[in-house]
Amino acid sequence: MAYIEAHGLRKVFGKTIALDGIDLRVEEGRILGLIGPNGAGKTTALNAILGLTPYQGELKVLGRNPWTERNQLMCDICFVSDVAVLPRWIRVSQAIDYVAGVHPRFDRAKAEGFLARTSINRASRVRQLSKGMVAQLHLALVMAIDAKLLVLDEPTLGLDILYRKQFYDSLLNDYFDRSRTIILTTHQVEEIEHVLTDVMFIHRGRIVFNRSMEEVESRYFEVSVRPEQVAAARALKPIHEREVLGRSIMLFDHLDHPQLAALGEVRTAGIADLFVAIIGSQAVAQGAR
Amino acid sequence: MNIQANTIQESSQQSQAIAVIPASRRLYWSVRRELWENRSIYMAPLAVAALFLAGFFISTGHLPSQVRAAAALSAAQQQELFEQPYNFAALLLMGTTGIVAFFYCLDALYGERRDRSILFWKSLPVSDLTTVLAKASIPLLILPLLTFAITVVTFWIMLLLTAPVLLATGLGVATVWPHVGLWQISQGLLFHLLTVHALWYAPFYCWWLLVSAWAKRTPFLWAVSPLAIAVVEKVAFNTTHFAGILIHRFGGEDYNAPFPMPMDQMAHLHPLMFLTSSGLWSGLAVSALFLAVAVRLRRYRDPI
């Protein structure tokens with residue numbers, strides 16, 4: 001079942017094209033990483049999905065139009081826009097009371113359970129909590145909501161590595177199951193790599209790469225090419241080449257492992273490498289034009 | 001595809017079956033939320049009432065001489081004399097909550113965009129309409145009722161505070177208490193608050209709410225911008241129609257004279273005349289329009 005389906009999704013701000021005709025399909029039970037440089041259109045795409053901004057084109061989220069049917073949709077969708085949006089004046093207990101009061105799918109006991117694992121004091125105001133604690137609180141509120149779709153836009157921005165790791169661990173262990181879908185954006189690509197089931201690169205309002213992680217792992221390899229093999233390797237048309245400590249590292253798509261092993265040491269390409277290869281080369285090409 | 005679509009519909013129907021939260025409950029929690037955030041709604045009038053009571057208690061020192069002097073006056077004059085501080089207390093508290101309402105409205109839909117917390121509120125299934133209505137209910141309903149409650153309690157405390165000095169000087173409370181028509185004053189006050197402060201002034205609050213949903217900065221300047229229209233009109237055409245509208249709205253209908261003591265105003269205000277006045281209904285229509293625009297704006301406006 002498709003949780004999100006978009007055809008020709010467009011969004012224009014004045015003369016800036018934020019989304020340039022996106023086609024997209026996200027199934028149930030996926031964890032999709034939406035990755036792109038600053039200003040690529042990630043947040044605009046998420047805002048359209050969340051019914052926060054009007055758009056052109058076709059978009060269905062959980063079978064509904066997010067702009068016109070936003071109120072019903074918000075019972076089944078949850079989102080964390082970034083770490084700093086919890087109101088600073090609210091007390092932890094008030095935040096729980098309020099969400100319990102207005103959200104039909106909020107499980108208060110679950111939220112209390114998550115909070116019990118932290119050192120967050122129920123009587124504290126958000127402004128008294130550290131940034132990491134605010135993120136923990138927000139995550140506890142969100143994870144206690146039985147939503148079908150969870151959208152996380154830079155949920156760990158400005159948090160230290162311990163909190164970031166903890167954040168994704170609880171998301172995977174305590175929240176994710178096969179009937180939910182999570183979409184997340186972040187700049188710390190390496191940290192979420194092992195979490196994702198799918199990855200999508202967005203650049204200048206277009207989706208330039210869209211693969212499942214299995215596909216990524218079986219298709220893309222990086223080879224640290226031995227100096228004498230460089231010419232032979234280049235003949236195989238790597239999609240990207242970079243120099244590290246005097247050795248050429250080349251990224252290949254769709255080549256057999258043994259063939260590559262003859263050229264040098266082979267390893268699976270990481271998302272960050274792919275990102276640099278795909279977005280970086282496009283940026284260079286566009287710059288050269 | 002059809003099967004999929006059916007599954008989605010079924011599951012969403014299912015989810016609606018589990019998930020019913022009546023709109024009234026969302027409104028209730030949204031109003032509570034406003035009271036959590038804006039404690040000045042009740043703290044300011046409470047503080048003013050406390051200060052007033054402290055001053056009033058000190059003033060009871062003069063009461064015995066006043067009582068003796070009043071013995072020569074007629075019953076009506078005595079009533080006017082002894083009710084004076086009560087009218088003043090009511091006026092003071094109404095002024096306080098008026099100021100609270102002004103600042104509350106200006107921040108209501110602006111503050112949440114400035115601190116980006118609107119993104120949190122919008123992540124919950126509470127519609128823009130519910131949110132704006134909850135915010136509008138503060139100046140339109142909560143503040144008038146709260147002002148009434150605090151003022152009436154203040155009245156009773158005032159009355160009790162006169163007891164020690166009256167008893168100590170041997171004058172007895174009967175010299176003063178029967179002249180203070182608390183029931184009458186309170187009734188008039190409630191009527192005045194609900195008609196004038198809630199209904200007649202509604203366009204002001206709703207304009208300020210609209211402004212707070214609109215402004216990217218300095219909502220205060222937008223809030224008072226209608227004054228600029230009045231000035232431009234005066235300069236350009238040497239007329240004062242718009243200023244007249246504003247003054248009429250602020251001062252009230254003719255039969256509801258603007259600035260004498262509020263309780264006197266009660267005497268001039270006939271319920272039927274008020275409820276059938278075109279000014280009331282046109283004001284309410286304009287208020288509804290302002291609120292509708294505020295709801296739309298909250299939908300479209302991004303955090304600042």
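**Close-up views of a two-chain predicted model**

View 1. In chain B, 82% of the contacts with a separation of 6 or more join residues 24 or more positions apart. Two residues are in contact if their C-beta atoms, placed from the backbone, lie within 7 Å. This is a predicted model, in which local features need pLDDT of at least 70, side-chain atom pairs count only at pLDDT 80 or more, and totals for chains, interfaces and linings use all residues. Residues are numbered from 1 along each chain as its sequence is written, while chains are lettered from A and ligands numbered from 1 in the order in which they are written. Chain B has 16 helices and zero strands. Helices (H or I, at least four residues) and strands (E, at least two) are DSSP runs, numbered from the N terminus. Of the 304 residues in chain B, 32% are buried, meaning 20 or more other C-beta atoms lie within 10 Å of the residue's own.

View 2. Strands β1 (residues 2–13) and β2 (residues 16–27) of chain A run antiparallel, joined by nine bridges. Strands pair if DSSP finds at least two bridges between them. Opposite Ile4(A) stands Val26(A) of β2(A). Two residues lie between the strands, and Gly14(A) in this hairpin takes a positive phi near 60 degrees.

**View 3. Where chain A touches chain B.** Chain A gives 26 residues to the contact and chain B gives 28. On the chain A side, β5 (77–80) and α3 (92–102) each supply at least two residues. The most come from α3(A), with five residues.

Definitions and conventions
A residue is buried if 20 or more other C-beta atoms lie within 10 Å of its own, exposed if 12 or fewer, and partly exposed in between; C-beta atoms are placed from the backbone.
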